[in-house]
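Please open the model in your viewer and keep the sequence panel at hand.

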Amino acid sequence: MGLAALVLDMLRGTLVASAGAAGATDALPPAAHADAVDPVVLSLTVFVLACFIGYYVVWRVTPALHSPLMAVTNAISSVIIVGAVIAAGSTIDGGVTLSQVMGFIAVTLAAVNIFGGFVIAQRMLGKFRKKPRVLAGSTGNPTGDSTGNSTGRKP
Amino acid sequence: MSALAMSPNLAAMLYLVASVCFILALRGLSSPESARRGNILGIFGMVLAIGTTMANLQAVTLPMILAALALGGAIGTVIAIRIQMTALPQLVAAFHSLVGAAAVFVAAAAYYNPQAMGIATPDGPNGIRLSSLIEMTIGTAIGAITFTGSVVAFAKLQGLVSGAPLIFRGQHVLNALIGAGIIAVAVWLAMSGLPGAFWTLVALSLAIGLLLIVPIGGADMPVVVSMLNSYSGWAASGIGFTLHNNLLIITGALVGSSGAILSYILCTAINRSIINVIFGGFGADAASAGAAKEQRPVKTGNAEDAAFIMKNASSVIIVPGYGMAVAQAQHALRELADALKGHGIKVRYAIHPVAGRMPGHMNVLLAEANVPYDEVVELEEINRDFAMTDVVYVIGANDITNPAARSDSKSPIYGMPVLDVEKAKTVLFVKRSLASGYAGIDNDLFYRDNTMMLLGDAKKVTEELLKAL
């Protein structure tokens, strides 16, 4: 995802460095520090590790709860509201900017999702109940065992 | 600069806490008990994320932002409280479209005010850092595709447009051209940073999102919804890269992998590759295939016959499908199960991964009717039990019980894992008519000796059966 940007940045860094070494120019643009890790690399690190966390966590979700999973992921993906709030809250000289208007629209859209997603997930999860133990004993179940409980599927 | 300005480090730490909350929210979904706690943690994480962001803003804008938040929140809450569980798939599709649209708006806001997002540089294209511009391009494109794709999926699931795949000549060529166009415009945008390039990119991405989903049939919408779930995550990640915000990157990656795994599980359950689902146009020739069927004898029965068979059984497995949801038969079904249990009969429910219109849809519908979740069993765990079962009650399901998936290599569903219901002593098959299923495939099960067809509305048949018991 950020790979293309990274390669471009690295290329630019090399160009800048070689230009500096050749002494062709003394006005170096501060594009990339030679001794600091580029933020894009740090972002990429976080991204890849988060993908692995997501992979292992989601495989442990029981298939019975895949619908609530979609509702919850839908709600949390609306965390882009953070970007929307920053945009909506950034005035330039007190006037309302195009950027701000777009920020407000995005805040509203994302808020629909966040509230909607969490509420519907809670509604669904509230319905999942276990068999009442008292009743289970009186059903005359020949073996008396509880039926196969659908717990997590392994990758 | 703000009322409660906090250091960037503190803000980043709070974002980290929010990220951990989201991870735990997903982790909680491994069992229904922990899931409710997890959901609360997720809500806490979201409050923390929004609160942290707002604390760093100029105080004058806060009332307006809170108003937008309240407006959106009220709309979302009312929809979520009012929605019927049957309509869940289209609701999720509609919500995905909002994430896509929000991603595009955030990207556009960042494009028009790079200073606010901390991505400005005097020597970049149009005053924006090159790397941020490229990341913005990716986030915008995925967001726009998610938006139109989800709108189409919503329209198909809601029945606003026909569920049949829309296929026209030169479709793949057109898609390829637009795809190439998106790459070209992305390069143009990275070089020039011009608004024209930005909006051309948005327009092309919107178009490709529409064109990619239009040819996919209604039966494949669960896969599409899962895939768009994944896209909405990647879009959030893309915006996170643009804004150098780890919370967005982490959350987007979690959601992205979640949707990808769900798509994978569904594709395995129908034995097709994701490529085949996207480009296959499955079910396009369903109508023609259904017409040329020879008439074979079927055994039909009434509620009394079925009740007699059930009363003499010692174990019953119920196989629900989307037809049950359409007929709203889940409550009647649970009462039937209670009556059977009263006769000392062991009752369980068998769930196929693609039963219903979204992953886990059947489980939610049964849970809504107060079916205890430990009586609801997944395909892999229950399939070998059919041979030891007296009666299978198939209600509103069809293709997922079709033995042709195992025996007929010419069948379009050949190789798909199905519930081996025909191995039971008796199969009671509730169906409105003898027409073929959603995928348009004839079911050999109808003509078996041990199958009794109960023709009629799923809810009515179940209620009659209950009375007869």
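Begin by selecting Gln328(B), which is found in the loop between helix H14 (322–326) and helix H15 (330–342) of chain B; helices (H or I, at least four residues) and strands (E, at least two) are DSSP runs, numbered from the N terminus. Gln328(B) has a positive phi of about 55° although it is not a glycine. With a relative accessible area of 29%, Gln328(B) is partly exposed; buried means under 20% relative accessible area, exposed over 50%, and partly exposed in between (1.4 Å probe, protein chains only).

This is a predicted model, in which local features need pLDDT of at least 70 and side-chain atom pairs count only at pLDDT 80 or more, while totals for chains, interfaces and linings use all residues. Residues are numbered from 1 along each chain as its sequence is written, chains are lettered from A and ligands numbered from 1 in the order in which they are written, and side-chain values use heavy atoms, with hydrogens and water left out.

**Chain B as a whole**

Now display all of chain B. Its secondary structure comes to 19 helices and 6 strands, and its C-alpha trace spans about 80 × 50 × 35 Å along the principal axes. Chain B has 469 residues, of which 59% count as buried. Among the contacts in chain B with a separation of 6 or more, 77% are between residues 24 or more positions apart; contact means heavy atoms within 4.5 Å.

**The sheet**

Select the strands of chain B. They include an open sheet of 6 strands in the order S3-S2-S1-S4-S5-S6, with parallel pairing; two strands pair if DSSP finds at least two bridges between them. Which strands stand at the edges? Strand S3 (376–378) and strand S6 (451–455) of chain B do, each with a single partner strand, so one side of each is left without a neighbour in the sheet. Direction ignored, neighbouring strands of this sheet are turned by 25° against each other on average.

Focus on strand S1 (residues 315–320) and strand S2 (residues 346–351) of chain B, which run parallel and are joined by 4 bridges. Here Ile318(B) stands opposite Tyr349(B) in S2(B).

Axes are lines fitted to C-alpha atoms, for helices over the stretch in contact, and angles run from 0 to 180 degrees between N-to-C directions. Helix H19 (residues 458–468) of chain B also packs on the sheet, touching S4, S5 and S6 of chain B, and its direction makes about 145° with that of S4(B).

**The nonpolar core**

Select Val319(B) and Tyr393(B), the residues with the most contacts inside the largest nonpolar core, which has 190 residues. Such a core is a set of buried Ala, Val, Leu, Ile, Met, Phe, Trp, Tyr and Cys residues joined through side-chain atoms within 4.5 Å. Helix H4 (residues 88–112) of chain B gives the largest share of this core, 17 residues. Leaving aside neighbours within four places in sequence, Tyr393(B) is in contact with residues including Met310(B), Ile318(B), Val319(B), Leu428(B), Leu454(B) and Leu465(B).

Stay with helix H4 of chain B and select Gln90(B). Is Gln90(B) buried or exposed? Gln90(B) counts as buried, at 9% relative accessibility. Not counting residues up to four places away in sequence, Gln90(B) touches Phe154(B), Leu157(B) and Gln158(B).

**Aromatic rings**

Over all chains, a search of the whole structure finds 10 aromatic pairs. Rings of Phe, Tyr and Trp (its six-membered ring) pair if their centres lie within 6.5 Å; planes under 30 degrees apart count as stacked, over 60 as edge-to-face and the rest as tilted. Select Phe47(A) and Trp234(B): their ring centres are 6.0 Å apart and their planes at 65°, so the pair is edge-to-face. Phe47(A) lies in helix H2 (residues 39–59) of chain A and Trp234(B) in helix H9 (residues 221–243) of chain B, so the pair joins two chains. Phe47(A) is buried, with a relative accessible area of 10%, whereas Trp234(B) is partly exposed at 21%.

Finish with Tyr55(A), Tyr56(A), Trp59(A) and Tyr264(B), which form one aromatic cluster.
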